[in-house]
Amino acid sequence: MMYSLTVFENLINKMWLGVPSQDKMEIRSCLPKLLLAHHKTLPYFIRNKLCKVIVDIGRQDWPMFYHDFFTNILQLIQSPVTTPLGLIMLKTTSEELACPREDLSVARKEELRKLLLDQVQTVLGLLTGILETVWDKHSVTAATPPPSPTSGESGDLLSNLLQSPSSAKLLNQPIPILDAESEYICSLALECLAHLFSWIPLSASITPSLLTTIFHFARFGCDIRARKMASVNGSSQNCVLGQERGRLGVLAMSCINELMSKNCVPMEFEEYLLRMFQQTFYLLQKVTKDNNAHTVKSRLEELDESYIEKFTDFLRLFVSVHLRRIESYSQFPVVEFLTLLFKYTFHQPTHEGYFSCLDIWTLFLDYLTSKIKSRLGDKEAVLNRYEDALVLLLTEVLNRIQFRYNQAQLEELDDETLDDDQQTEWQRYLRQSLEVVAKVMELLPTHAFSTLFPVLQDNLEVYLGLQQFIVTSGSGPRLNITAENDCRRLHCSLRDLSSLLQAVGRLAEYFIGDVFAARFSDALTVVERLVKVTLYGSQIKLYNIETAVPSVLKPDLIDVHAQSLAALQAYSHWLAQYCSEAHRQNTQQFISLISTTMDAVTPLITTKVQDKLLLSACHLLVSLATTVRPVFLISIPAVQKVFNRITDASAQRLVDKAQVLVCRALSNILLLPWPNLPENEQQWPVRSMNHASLISALSRDYRNLKPNAVTPQRKMPLDETKVIIHQTLSVLEDIVENISGESTKSRQICYQSLQESVQVSLALFPAFIHQSDVTDEMLSFFLTLFRGLRVQMGVPFTEQIIQTFLNMFTREQLAESILHEGSTGCRVVEKFLKILQVVVQEPGQVFKPFLPSIIALCMEQVYPIIAERPSPDVKAELFELLFRTLHHNWRYFFKSTVLASVQRGMAEEQMENQPQFSAIMQAFGQSFLQPDIHLFKQNLFYLETLNTKQKLYHKKIFRSTMLFQFVNVLLQVLVHRSHDLLQEDIGIAVYNMASVDFDGFFTAFLPEFLSSCDGVDANQKNVLGRNFKMDRDLPSFTQNVHRLVNDLRYYRLCNDSLPPGTVKL
């Protein structure tokens, strides 16, 4: 049976045109009869497939050849015996006809939509009737319980929302108990409504009585009593009924959310919206109605999980789409709504549910912030209205991240597995909570600070008090806290301290800028505490102390230490602002802050310290050197100690990442100009000498490598050589990258120190050309040099480097790298092309002589190797290089003089290097025939940019020989639907190309394009041509393009379905 239906489906969707009309009539009459006769006995999946096949016939033939298609569906719905079947047919019709997926002509799609819209009012009326009838029929029989003193809702928060007592009374009716068939019919009706709401516009046909009915059913989701009855009665059927009832609530909420998600609300519908919100908040109140927190939580736990999800979606849509519209209604109590949302948020039974609610608060806080920014005059009034709610929110979110208040929940969070954003569940929980804290801080800085700081202070006391429990034993210092309960309390306190330190760090940005002076004393208190804590941790070496539970307490102690350094680092911008203020008064306080910080950092820069702590210390050192830049930093003994350690050849090297960071910090101390000092007080000569000796020490082993060291009679094993190259270049590359945006003087000194290492690198390069991992690192280094120091390197040396590279990358070498060395080889070629991108972008005439050989390298050596490969490697970089070559060297191809452009009418501009230009354009054209969608998008963007900036499509050569070739390729891509995601971009590009010569497009290109199309006959080609209106504005033109493409596909499908030899009229 399933097979036969699939045959019918294929026949109807792909070959219907060719079926003789007698057969069509027979199929149209026998399939519905079959459905009517057997719908109760067929398995549900066969019945649904049969419905779909009948709807497919309707999609082709209604109303012309199948005039009673829709009336039959309405009759089925109205007859009680076949109501479920009618609803299934209705839902299938809505799915298949409102947004048809199969190929239909555009005219037919528009006709179907119009036909359906004409029926909407009738259909909605029928569905309302079904739902109301079921409700009323069962409500009458439901016993009304006597009013108990607690059930009176009159004094509730939101009673003023429901405009009339009657509607409140309506919603307070007990929920009826439905039999299984009624449940089934209601769920089908609600599914139909949800799909209809997804495409019909908001209008008067969605009546208040329909909305009220949907809300009645939404109450099924939050009615726990019915579920309890089901489970008390014990029979499995009752349990299933309980679940079904919950499902009705979920479906009703889906309908509500479909309406809510529409942003464009007609004026006459706003009244309905307000009513919807009132009714939903009545439900929210029901869900959270209880003063005892435990019962609210257990009530939410008993609700269906999908119902809670839908409810949260509703709240999100309300805040993000409609709050600004509704807030202005005086009868809508926003503050009371926030109270309910608060209850709902903090009693969520799952972490995911809590995260979703925090997102809603974030949206609300963003809304408040933007509202205040746009109406600064009312700032106080707005804040006063919401102040209590925000303070409550802040306190509760802070409590939620502390083990002291929320241990059971927090211990369930996973802190091991990383998600797609490279964070664990615990880190995500903390980060999202801190974002809410930060947004409240932005609105209410003093409140937020006075809430957070005392809590931090409490936990700090515990941490700072650990010193008295340290005893020295034979194996070293040990923490003398052994009782299990004490260890557990210490663990919780340390975890909380770590979280609160992150919170304090997250708030650093609210103490700088315009508010620096006003909030100075608060910030100073924080920074002094942080400096004290970091120094304390480093001095008593808590990271090396033995504890009773090493697997738990040791990571805790290390984490607190690392977080205190990270929090202090967050205040580096505040310290920088303090530095420029202190510069005027030369205050001792600032100097002691920085010196003490350095005393805390220096002992940690050693291989004996755990990586987590070491890296936190290194990052803090980098921030002090780069952001704060105090003049006296280099003279602090602790900093000199670090210099000595790094330049001492016998000292053990730190892990790669830490070594790079420390070297960056030391280099920046010497290279970056001191703030607020004139040029003559910068002490450049001394700093320059120091920098040269630093780099010299760092690159000592590297500079001793000789090019012939790689040949067979080498003295050192290859692996050792590679290690030296990797270690040195990673440090030098990082130093250059960090200086690239700085002043000329800094870059000059940097290059002077590096000069010898750069020359060694160039000499070594040819020797390692076949070691793609080494070549990769060397090219990374050269790429960074070109980006940051090309001016300092000077023209002759730069030319020498480029020439060396061009000589080394022969056709054979390129082929070896791309085809045989896998991803590393491709990376090497990509880096080389990136270096050339920097070269071709350089303004002025210096590197222009290289253009011919760069273009030749691209088009004659790299392009032939990669053109036919399906793999995207190297292609993106190659086309970017070609684009930059054209974009930055337009005059290399088009010698436009000012005079010529003034006399545009007289002479067409001269064209030079035409073969190279044509070859590049041809390569772009070829790339559009390949399946790689990213490359397609990138290259289309490049062509459009060249047109916007350089008028590419208007150039004579492009217009006369390439324009319509490109349009043809783009239209073919649309017809084949190979790059459907880019439909819109392709449509706009076709318009921009056609607009250069609309007359040529309409009179020559379009007829030619149609005549070359196979699979369509002459008459169909004429229709396609006629339907393409001569509109010259972008929206109409692109609409015509998509219509042409759609109908061309449709005609081909029709023609394929005709039996051979059919006479076409």
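How are α15 and α17 oriented to each other, roughly parallel or roughly antiparallel? The legends below take up this question after an overview of the predicted model.

**Figure 1. Overview of the protein chain in the predicted model.** The protein chain contains 48 helices and four strands, and its C-alpha trace spans about 95 × 85 × 60 Å along the principal axes. Of its 1065 residues, 53% count as buried, while the chain exposes about 47,900 Å², of which carbon and sulfur atoms supply 53%. Among the contacts between residues at least 6 apart in sequence, 76% join residues at least 24 apart.

**Figure 2. Close-up of the packing between helix α15 and helix α17.** Helix α15 covers residues 334-346 and helix α17 covers residues 379-400, and the two pack with their axes 10 Å apart at an angle of about 5°. Because angles under 35 degrees count as roughly parallel, α15 and α17 are roughly parallel to each other. On the α15 side, the residues in contact are V334, V335, L338, F342 and F346; on the α17 side, they meet R385, Y386, A389, L392, L393, E396, V397 and R400.

**Figure 3. Close-up of a nonpolar surface patch formed by M2, Y44 and F45.** Together these three residues present about 330 Å² of accessible area. Y44 belongs to helix α3, which comprises residues 44-61. With a relative accessibility of 57%, Y44 counts as exposed, because the term applies to residues with over 50% relative accessible area.

Note on methods: Residues are numbered from 1 along each chain as its sequence is written. This is a predicted model: local features need pLDDT of at least 70, side-chain atom pairs count only at pLDDT 80 or more; totals for chains, interfaces and linings use all residues. Side-chain values use heavy atoms; hydrogens and water are left out. Patches are made of residues with over 30% relative accessible area and no salt bridge: like charges are joined within 9 Å, nonpolar side chains (Val, Leu, Ile, Met, Phe, Trp, Tyr) within 5 Å. Accessible areas come from the Shrake-Rupley method with a 1.4 Å probe; for residues, only the protein chains shown count as cover. A salt bridge is a side-chain nitrogen of Lys or Arg within 4 Å of a carboxyl oxygen of Asp or Glu. Buried means under 20% relative accessible area, exposed over 50%, partly exposed in between (1.4 Å probe, protein chains only). Axes are lines fitted to C-alpha atoms, for helices over the stretch in contact, and angles run from 0 to 180 degrees between N-to-C directions. Angles under 35 degrees count as roughly parallel, over 145 as roughly antiparallel, 65 to 115 as roughly perpendicular and the rest as oblique. Contact means heavy atoms within 4.5 Å.
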